[in-house]
Amino acid sequence: MSRPTPLSGFPEWLPPQRMIEQYVLDRIRATFELHGFAPLETRAVEPLDQLLRKGETSKEVYVLRRLQEDSADASDDALGLHFDLTVPFARFVLENAGKLQFPFRRYQIQKVWRGERPQEGRYREFAQADIDIVDRDTLGPHYEAELPLVVADALGGLPIPPIRIQVNNRKVCEGFYRGVGVTDAEAALRAVDKLDKIGPAKVAELLVSTAGTTEAQARACLALAGISASDASFADAVLALGVTDPLLDEGLAELVRVVQAGAEHAPGLLVADLKIARGLDYYTGTVYETQLRGYERFGSICSGGRYDNLAASGDERYPGVGISIGVTRLLGLLFGAGALGVSRSVPSCVLVALPDEDSRARCDRIAAALRRRGIATEVSPSAAKYGKQIRYAERRGIPYVWFPGAGPDSGGGAGGSGGAPAGGGAPAGGDQVKDIRSGAQCPADAANWQPPAEDLHPRILGVSPG
């Protein structure tokens, strides 16, 4: 068999990176639950007609087909892998509304798939961690201020660079566009959303060619997009542009509430940035994008917004607001920069040394006793000399080696790189444990010995790149 070639955009991380990912996911999950969000998992596939009507995604959706499908049966052609978790969540709410209590707070941590061009921090298969709040008929605006604070809480306890959440409100943009006479607000939003990627000159061209604006209207749209402030002064800057519209006033009031709440509870976290539009068409109010300090050039690692019509069918309407952490994207950027590490490459805290193969059952019992008390333990794979077994633990980053009873003496000392237990062997019938980093060794009993708290589990470390 020839050496396999990695698939671009489908990351497979090594065990130390996977341990970091699990730690991050556990932290996010615990924080979401502290804020009252209930867990949910939805199916991986959705009807294509649902996926394709939610924005500019048709080129990114993976279609689901059977290899040996019947050419006369095209039913599988109607299914695609979900590209985010908001669309399937909206469908779930509609299907199960009679079983849910509103307002419904849920979190969802799953893989999603997008057929976009892979690059640093962007993947075709990746994990997202979403929170959403939906209600029946109406949804209070205070939830739009709550969600970014939850995200800040979840990410703030991790050894990662600080975040800054940029917020805008689509009503501000649409009302402003209406006030200057732009008729295709959605096309204008999609053009402005590309501002960081292609620059103002190209966006101005897009506004004229795709949204049908005049050059003067394009300049006005860019003037709005250039407004940014960490306090409510952005509203005065918008009004100074001399454009009036009721929807603009409504959006400004909502955005002021969000920014003021952020300033009160997490100073420096939120900034009103009126170029933020989000490319998906289902957003109707507040929108979020999140920058990782020092990694701004890679774009947002967490985004979302308010949607009033996504979960709606006939007379039923369930407005919601949600925000999604791109976990794989976040970690991929930090891994690529060498900015995250782990204190050891395996969960094991203790290696039980094996004096000889006849002692394996006794060593297994020691390991079992330690595991019952939550200490990750493995038994040495072979009854080699103690020095070799200690070097095996060193290579794996295991901090402690457990010597059962009076094991064989290979002549080494406690302070060396390997030899026997201190003093040429443990006391008859007694075990000893050795911290192989310092060489310190002491008698131990598997029924009550406990490592220091910092050694019990691998620790996730923030590392200064370079």
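This is a predicted model: local features need pLDDT of at least 70, side-chain atom pairs count only at pLDDT 80 or more; totals for chains, interfaces and linings use all residues.
Residues are numbered from 1 along each chain as its sequence is written, and side-chain values use heavy atoms, with hydrogens and water left out.

Q: Why is the aromatic pair of Phe32 and Tyr107 called tilted?
A: Rings of Phe, Tyr and Trp (its six-membered ring) pair if their centres lie within 6.5 Å; planes under 30 degrees apart count as stacked, over 60 as edge-to-face and the rest as tilted. Phe32 and Tyr107 are 5.9 Å centre to centre with 50° between the planes, so the pair is tilted. The structure holds 11 aromatic pairs.

Q: What makes Phe32 and Tyr107 a tie between parts apart in sequence?
A: Phe32 belongs to helix 1 (residues 15-34) and Tyr107 to strand 4 (residues 104-113), so the pair ties together parts that are 75 residues apart in sequence. Helices (H or I, at least four residues) and strands (E, at least two) are DSSP runs, numbered from the N terminus.

Q: How do you know whether Phe32 is buried or exposed?
A: Buried means under 20% relative accessible area, exposed over 50%, and partly exposed in between (1.4 Å probe, protein chains only). Phe32 has 0% relative accessibility, so it counts as buried. Tyr107, at 6%, is buried too.

Q: Why is the pair of Phe102 and Tyr318 called stacked?
A: The angle between the planes is 25° and the centres are 5.3 Å apart, so the pair falls under the stacked limit. Tyr318 is buried, at 1% relative accessibility.

Q: What makes the charged end of Arg105 sit over the ring of Phe37?
A: A charge sits over a ring if NZ of Lys or CZ of Arg is within 6 Å of the ring centre and within 35 degrees of the ring normal. For Arg105 the distance to the centre of the Phe37 ring is 4.4 Å.
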